[in-house]
Amino acid sequence: MAYMNQDKKAVIKANLDKALKPLGVKFSLRVRNHMTIVCTIKSAPFNMLADRKSPSQFDRDYEQVNPYWFQDHYEGKTLDVLTKVVDAIKSADYYDESNAMIDYFNTAYYFDINIGDYNKPFQVK
């Protein structure tokens, strides 16, 4: 059963600090419904939204990232940052033994990644 607590969040935060602070990327973490960790990238010294492989039909200042297919949608520095984020998030005893073909879901916890937020847009600093 998916379960996220503050202890796992602390491990993930420490690993994200090591990976993202040297790059100048600021982020926030929160636990949603005791089973999902949400990482929101607030700012970076480069425009992470400009590194999409295919241009979006919308000109937005925030975006929800698909953590399973981000390699196919981003490139450059944004891809490097997202790879580090996913690796850090999976550092707290993560496992995924799910099998959607037989409707069986068994994972340590779920995770979401956002670049900016709808009420606090991503900023280039």
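This is a predicted model: local features need pLDDT of at least 70, side-chain atom pairs count only at pLDDT 80 or more; totals for chains, interfaces and linings use all residues.
Me: How do you know that the overall size of the chain agrees with a compact globule?

Reply: For 125 residues a compact globule would have a radius of gyration near 14 Å, and the chain has 15 Å, so the value agrees with that expectation. Along the principal axes, the C-alpha atoms fill a box of roughly 40 × 30 × 25 Å, and 37% of the 125 residues count as buried. Among the contacts with a separation of 6 or more, 58% are between residues 24 or more positions apart.

Me: Which secondary structure elements does the chain hold, and in what order do they run?

Reply: The chain comes to 3 helices and 5 strands, and from the N terminus on these elements follow the order α-β-β-β-α-α-β-β.

Me: What makes up the largest nonpolar core, and which elements supply it?

Reply: This core has 31 residues, and those with the most contacts inside it are Ile12, Leu16, Met48, Val85, Ile89 and Tyr109. At least two core residues come from each of α1 (6-20), β1 (26-32), β2 (36-44), α3 (76-89) and β4, with α3 giving the largest share, 6 residues. To belong to such a core a residue has to be buried and joined to others through side-chain atoms within 4.5 Å.

Me: Why is the pair Asp17 and Lys13 called a salt bridge?

Reply: The cut-off is a side-chain nitrogen of Lys or Arg within 4 Å of a carboxyl oxygen of Asp or Glu, and the closest N and O atoms of Asp17 and Lys13 are 3.0 Å apart, so the pair meets the definition. Both residues lie in helix α1, 4 residues apart, which is about one turn of the helix. Asp17 has a relative accessible area of 23% and is therefore partly exposed, and Lys13, with 38%, is partly exposed too. The structure holds 4 salt bridges, judged by that cut-off.

Me: What makes Arg52 and Glu63 a link between separate parts of the chain?

Reply: Their closest N and O atoms are 2.8 Å apart, and the two form a salt bridge. Arg52 lies in the loop between β2 and β3 (63-65), whereas Glu63 is in strand β3, so the pair ties together parts that are 11 residues apart in sequence.

Me: How do you know whether Arg52 and Glu63 are buried or exposed?

Reply: Buried means under 20% relative accessible area; Arg52 stands at 18% and so counts as buried, and Glu63, at 7%, is buried as well.

Me: Why are Arg52, Arg60 and Glu63 described as one network?

Reply: Arg60 also forms a salt bridge with Glu63, with 3.4 Å between the closest N and O atoms. Salt bridges that share partners join Arg52, Arg60 and Glu63 into one network. Arg60, with a relative accessible area of 34%, is partly exposed.

Me: What makes the phi values of His34 and Asp103 worth noting?

Reply: Most residues other than glycine have a negative phi. Phi of His34, by contrast, is near 60°, and Asp103 has a positive phi of about 60° although it is not a glycine. His34 sits in the loop between β1 and β2, and Asp103 in the loop between α3 and β4. Exposed means over 50% relative accessible area, so His34, at 56%, is exposed, and Asp103, at 61%, counts as exposed too.

Me: Why can Tyr110 be part of a surface patch?

Reply: Patch residues need over 30% relative accessible area and no salt bridge, and nonpolar side chains are joined within 5 Å. Tyr110 lies in strand β4 (residues 110-115) and has a relative accessible area of 34%, so Tyr110 is partly exposed and passes the area cut-off. Together with Met35, Tyr68, Trp69 and Phe105, Tyr110 forms a nonpolar patch with about 560 Å² of accessible area. For the chain as a whole, the accessible surface comes to about 7,800 Å², of which 50% belongs to carbon and sulfur atoms.

Terms used. Residues are numbered from 1 along each chain as its sequence is written. Side-chain values use heavy atoms; hydrogens and water are left out. Patches are made of residues with over 30% relative accessible area and no salt bridge: like charges are joined within 9 Å, nonpolar side chains (Val, Leu, Ile, Met, Phe, Trp, Tyr) within 5 Å. Accessible areas come from the Shrake-Rupley method with a 1.4 Å probe; for residues, only the protein chains shown count as cover. Buried means under 20% relative accessible area, exposed over 50%, partly exposed in between (1.4 Å probe, protein chains only). The radius of gyration is taken over C-alpha atoms; the globule rule is 2.2 Å times the number of residues to the power 0.38. Contact means heavy atoms within 4.5 Å.
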